[in-house]
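I opened my notebook to look up charged pairs and surface patches, and I wanted to write down each step as I went.

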Amino acid sequence: VFSAAAEGVLPFMGCFSYSMLSDIPPHSVVAPCGFMGAPTVNLEMIEGADQLVAAVRQNIEMSSMDAKAPTFIVASEIGGSNGIAPLLVGGLMGLSVVDADLMGRAFPELQMTTSSIYGLPQTPMTLTDSFGRCVTITGTKSLGHLVAADEASWTERVLRPVCVEFG
């Protein structure tokens, strides 16, 4: 299913670059991307790179990163189509793909990501559906470890029902 979405994009995306985690300069903005929800839904509603790009662009607009756009993209997790998603987004948006992911394997919830465990904010986070509708969670702006972990759990609880509504 994911390959069907990729086939429609690959002729247009050109090349993408990749970067090793150790090569990323300090204070760089790295945007995560991936899919949320049951993979079996993909059999009914094929996801495309345009939804991923829309979500990343929405997060850039909603972000308070001093208007600094990301120059890198990373997989939210390595499992399934999430491991390939940044290749499509990186190629389409001209972002270097980081040879890493936020979990080290496939985990079921947002608060289990390495970035959440280390206290980085998990918002803004945007979900898009196959019709181009977006839902964005902006969250808190505090960088405290406990606040970030609570924010990730809260964001997970809010966005899971949105996945159900999106189909």
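Before reading any values, I noted that a residue counts as buried when its relative accessible area is under 20%, as exposed when that area is over 50%, and as partly exposed in between. I also noted that the model is predicted.

Entry on charged pairs. I searched the whole structure for salt bridges and found two. I reminded myself that side chains of opposite charge can pair when their charged atoms come close.

Entry on D129 and R133. I looked up the salt bridge between the side chains of D129 and R133, where the N to O distance is 2.5 Å. Is D129 buried or exposed? D129 has a relative accessible area of 3%, so I wrote it down as buried, whereas R133, at 45%, is partly exposed.

Entry on E156 and R160. I then turned to the salt bridge that joins the side chains of E156 and R160, with 2.4 Å from N to O. Where do E156 and R160 lie? I found both in helix α5, which covers residues 145–166, and they are four residues apart, about one turn of the helix. E156 is buried because its relative accessible area is 4%, while R160, at 33% relative accessibility, counts as partly exposed.

Entry on the surface. I next looked up a nonpolar patch on the surface, formed by F16, Y18 and M20, which together have about 330 Å² of accessible area. Y18 has a relative accessible area of 59%, so I recorded it as exposed.

Definitions and conventions
Residues numbered from 1 in each chain as written. Predicted model: local features only at pLDDT ≥ 70, side-chain atom pairs only at ≥ 80, totals over all residues. Heavy atoms only, no water. Patch = residues over 30% accessible without salt bridge, like charges linked within 9 Å, V, L, I, M, F, W, Y side chains within 5 Å. Areas by Shrake-Rupley, 256 points an atom, 1.4 Å probe, with all protein chains shown as cover. Salt bridge = Lys/Arg side-chain N within 4 Å of Asp/Glu carboxyl O. Buried < 20%, exposed > 50% of the residue type's maximum accessible area, 1.4 Å probe, protein only. Helix = DSSP H or I, 4+ residues; strand = E, 2+ residues; numbered from the N terminus.
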